[in-house]
Amino acid sequence: MGRILTFTHALLAPTTLTVATPVPIRKSTFYTSTSSISWGSCSDSFPSNVTCATYTVPLDWEHPHHNETIELGMVRLEARDKSSRIGNLFINPGGPGGQASSLIASLAASPGAVDERVVDRFDIIGLDPRGVGLSTPVRCDPTAYNRRVSFFPTTQAEYDELVAYNTALGQSCREKTGRLIDFVDTVSAARDHEAVRKALGGEKVSLLGLSYGTQLFSQYAELFPDNIRAIALDGNLQHSQGESSNLLIESATYENTLKHFFGWCSAATDDGCPLAGQDVQAKYESVLAKATEAPIPAPGCDGVQCRSNVTSEDLRFILQGPLASTSAWPFLAQALVEADEGNATLISRQQPLVTGDDAYADSSLYAGTAIACQDWAHGSTSVADIQGKAMLGSTFTPLTGGACQSYKIQLSCIGWPAPLSNPPRSVSYKGETTVLMVQSTYDPSTSYTWGLGLHAEIGADKSVFLTRNGAGHTSYLNGGETTAAMNAYLLNLTLPEPGTVLDT
């Protein structure tokens, strides 16, 4: 499943972005799509070289003239060379629930993070999906969200506790968010992007979707195929697989990447990895065994920002995250060293809790669940169903036991109050613009299998599949040969040869 993308730990959006005020649902007597967007200054929490805007759209796109609306919040890094401006480039960083505004703010604050020609020639826009960030946010009860529950129930009582947790959280989201909780599906978000495209003047748009952003923009392409200048999909989700297939596909790519990390670290120099020359898999298994026997304390966590201990279940879910960026692999090794010595603080910090006083940041976690439950099938109705999924994981991915984002989504959505309004199905793309699809071979979150599957759905006559033979979740922000190939496409519509494989 997708994850939220940042390009290095140092380039996260400033923490003061959390003071930004999201916009509530509003009543309106009518909706018109003829209004335009006016850019203005952002709050002081954003870099001075970006501008901000809001735009009103219907809550329910199936009934756009009803009187409920929401507002979309967005950030723009304006093209520096107006004389050679190409147009608007929308970037979505993934999630679901990722704040596009945060990624654009990070890029704007970090010269050289993106090719200078891209910054010169595009207005780069981060539109926060509905429910997220600067847009009208999903709000929930933080106590309900933070309550610990097992996603691997083995008894009826544990299953009932999980369903009760999901139901209580979902009900709190409905009470605090209102009817928006029923309309955060990806199709609605795609329609929001089209409304903003029109309001910005109606020129054909360029799209760069990372991780979950590939689902968002592939569904946009299906709905609005004639309105696209260029579309690059990096780290692809295939929104048509069944539940068990998704579990097997994602857990396998997670475990395969974890093994790749073990080999890399063992073969590294002492400066490259804290466990260089050691049996890294054995170290992981030692930590897992200790966490299974008793939760490992995390003394650097106070139970407010992160949990004060780490269970074996926590460990298996959390490690998928830091595998996403190879720059974090030395940190991951150090986290294992410290956890084996009885301090799991570094691991616990990778799974933040919601605080309840920061709607901008908290919305990413709340909306991630809300969006996923409207987009992905979750048909389990008994403890036996879940035990079957757990058996699938332990059989085919014994190191991680099947723990992955898809698994947590499927179990988080049992008892969720909003409908599955965007159920899994194949993408049907009829546009003339060729899609560039990019996939790495050792991606812990979005499998090469999904990439090939989505490529087949879009069609070899309408897409070119580019492989990066390397590790990490997505490729664009890495700055290597693959990034250069993607930039050539975005800037000049130059496509690599089908079947191209690059190493960086």
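## A covered strand

Visitor: Which residues of β7 are buried on one side, and which on the other?

Guide: Val205, Leu207 and Gly209 are buried on one side of β7, and Ser206, Leu208 and Leu210 are buried on the other, which leaves both faces of the strand covered. Buried stands for a relative accessible area under 20%, exposed for over 50% and partly exposed for anything in between, computed with a 1.4 Å probe on protein chains only. Strands (E, at least two residues) and helices (H or I, at least four) are DSSP runs numbered from the N terminus.

Visitor: Before going on, what are the ground rules for these values?

Guide: This is a predicted model, in which local features need pLDDT of at least 70 and side-chain atom pairs count only at pLDDT 80 or more, while totals for chains, interfaces and linings use all residues. Residues are numbered from 1 along each chain as its sequence is written, and side-chain values use heavy atoms, with hydrogens and water left out.

Visitor: Back to the strand, then: how many bridges join β5 to β7, and how many does β7 have with β8?

Guide: Strand β5 (residues 87–92) runs parallel to β7 and is joined to it by 4 bridges, with Phe90 having Leu207 as its bridge partner in β7. Strand β8 (residues 228–234) also pairs with β7 in the parallel sense, over 6 bridges, and there Ser206 stands opposite Ala230. Two strands pair if DSSP finds at least two bridges between them.

Visitor: Switching to helix packing: at what angle do α7 and α10 pack?

Guide: Helix α7 (residues 243–267) and helix α10 (residues 329–340) pack at about 90°, and their axes are 11 Å apart. That makes α7 roughly perpendicular to α10, a class that takes angles from 65 to 115 degrees, whereas under 35 is roughly parallel, over 145 roughly antiparallel and the rest oblique. The axes are lines fitted to C-alpha atoms, for helices over the stretch in contact, and the angles run from 0 to 180 degrees between N-to-C directions.

Visitor: Which residues meet there?

Guide: On the α7 side they are Thr257, His260, Phe261, Trp264 and Cys265, and they meet Trp329, Pro330, Leu332, Ala333 and Leu336 in α10. The residues of this contact divide into 8 nonpolar, 2 polar and no charged.

Visitor: So where are the charges, and how many salt bridges does the whole structure have?

Guide: A search finds 17 salt bridges, each being a side-chain nitrogen of Lys or Arg within 4 Å of a carboxyl oxygen of Asp or Glu. In one of them Lys389 pairs with Glu243, with the closest N and O atoms 2.5 Å apart. This pair links distant parts of the chain, as Lys389 is in helix α13 (residues 383–396) and Glu243 in helix α7, 146 residues apart. Lys389 counts as buried because its relative accessibility is 12%, and Glu243, at 18%, counts as buried as well.

Visitor: What about Asp314 and Arg148, how far apart are they in the chain?

Guide: Their side chains meet in a salt bridge at 2.5 Å, N to O, although the two are 166 residues apart, with Asp314 in helix α9 (residues 312–318) and Arg148 in the loop between α3 (142–146) and α4 (156–177). Asp314 has 10% relative accessibility and so counts as buried, while Arg148, at 33%, counts as partly exposed.

Visitor: Last one: what is Gln351 in contact with?

Guide: Leaving aside neighbours within four places in sequence, Gln351 is in contact with Arg307, Asp314, Ile318 and Lys408. Gln351 is found in the loop between α11 (345–348) and α12, and its relative accessible area of 22% is why it is partly exposed.

Methods: Contact means heavy atoms within 4.5 Å. Ala, Val, Leu, Ile, Met, Phe, Trp, Tyr, Cys and Pro count as nonpolar, Asp, Glu, Lys and Arg as charged, and the others, Gly among them, as polar.
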